[in-house]
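Have the sequence and the 3D view open as you read.

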Amino acid sequence: PRLLSGQTMNEIGVIILAAGQGKRMKSDLPKVLHRVGGKPLFMHVLSTARRLKPRQVTIVVGHGAQAVKQAYRGEDAAWVMQEQQLGTAHAVLCAKNSFRGFTGDILILSGDVPLISERILNAMMHSHQKHDASLTLLTTSVKKPAGYGRILRDGGGNLAGIVEERDATDAQKKIQEVNAGVYLASQAFLFSSLEEVQNNNAQGEYYLPDAVTIGLNRGKRIATVNAD
């Protein structure tokens, strides 16, 4: 555990979402098995996550599950099957049982973000503890935000919610600060909030970002870290 102003950092668990088909890849190979720099996408993510010395690592698989499992034979990760791809919130809930008895914070990473850095993840961990947040999410600002969930803020600059591209108004689509899809949440808040997520949206899926709205409605502290 790292020390922060005399405090001990909370224990960390990691969930890597690796169940996606990757339709945009135009390939029969599961998305996370496409190779970059000589190894599959998700292996880059796993290597970075392991440097945080997590107590528990769970990889959620679905499409091509056997092939993904064969790509990593290490004994230090639990594998969880998402039988039906019902959305990112559903994928995280599939991992709930592997965190029984765990009371720390859970970092959620996508298996297709190979360039995520240990520096950014450490910044999230420090911000999360500094603000005593229930949930911390990574955001970034891009010139062409099409396709990403937009970060909504109130007049004081405080986080007010996230709206997905398909559900956004024309004005909201002009927002350049977007959700980077990396989350850190207390175990207790994470799973209880995800059980409240509904699928009333254009995709009919259970979206992980809806946990932000649920947290705000509950009056919980939701922090953001902006990545360059």
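## Arg 153 and its partner

Arg 153 is partly exposed in this predicted model, with a relative accessible area of 33%. Its side chain meets that of Glu 177 in a salt bridge, at 2.8 Å from N to O.

Is Glu 177 buried or exposed? Glu 177 has a relative accessible area of 15%, and because buried means under 20%, Glu 177 counts as buried.

Side chains of opposite charge can pair when their charged atoms come close. How many salt bridges does a search of the whole structure find? The search finds nine, and among them is the pair of Lys 96 and Glu 195, with 2.7 Å from N to O. This pair links distant parts of the chain, 99 residues apart. Lys 96 sits in the loop between helix 3 (88–94) and strand 8 (105–110), while Glu 195 sits in the loop between helix 5 (187–194) and helix 6 (210–217). Both ends are partly exposed: Lys 96 has a relative accessible area of 32%, and Glu 195 has 48%.

Another salt bridge joins the side chains of Arg 218 and Glu 196, at 2.8 Å from N to O. Arg 218 is in the loop between helix 6 and strand 13 (222–227), and Glu 196 is in the loop between helix 5 and helix 6, so the pair ties together parts that are 22 residues apart in sequence. Arg 218 is partly exposed at 33% relative accessibility, and Glu 196 is partly exposed at 42%.

## An enclosed helix

Next, take a look at helix 1, which covers residues 41–50. Eight of its ten residues are buried, so helix 1 is largely enclosed by the rest of the structure.

Which residues of helix 1 are buried? They are Leu 41, Phe 42, Met 43, His 44, Val 45, Leu 46, Thr 48 and Ala 49.

## A cavity inside

Rolling a probe the size of a water molecule over the atoms shows where empty space is left. A search of the whole structure finds one cavity of 30 Å³ or more, and the largest cavity has a volume of about 40 Å³.

What lines the largest cavity? The lining is made up of Met 9, Asn 10, Ile 12, Asp 105, Met 125, His 128, Gln 129 and Leu 184. Helix 4 (residues 118–130) gives the most to this lining, with three residues. By class, the lining has four nonpolar, three polar and one charged residues.

## The whole chain

Stepping back, the protein chain has six helices and 13 strands. Its radius of gyration is 17 Å, close to the 17 Å that the globule rule gives for 228 residues, so the chain is as compact as a globular protein of that length. Along the principal axes, the C-alpha atoms fill a box of roughly 50 × 45 × 35 Å.

Of the 228 residues, 48% count as buried. Among contacts with a separation of 6 or more, 69% come from residues 24 or more positions apart.

Definitions and conventions
Residues numbered from 1 in each chain as written. Predicted model: local features only at pLDDT ≥ 70, side-chain atom pairs only at ≥ 80, totals over all residues. Heavy atoms only, no water. 1 Å grid on protein atoms, 1.4 Å probe; cavity = no way out; pocket = protein on both sides within 12 Å on 5 of 7 lines; lining within 4 Å. Points joined across faces, edges and corners; volume = space filled by probe spheres on them. Helix = DSSP H or I, 4+ residues; strand = E, 2+ residues; numbered from the N terminus. Nonpolar A, V, L, I, M, F, W, Y, C, P; charged D, E, K, R; others polar. Buried < 20%, exposed > 50% of the residue type's maximum accessible area, 1.4 Å probe, protein only. Salt bridge = Lys/Arg side-chain N within 4 Å of Asp/Glu carboxyl O. Rg over C-alpha atoms; globule rule 2.2 N^0.38 Å. Contact = heavy atoms within 4.5 Å.
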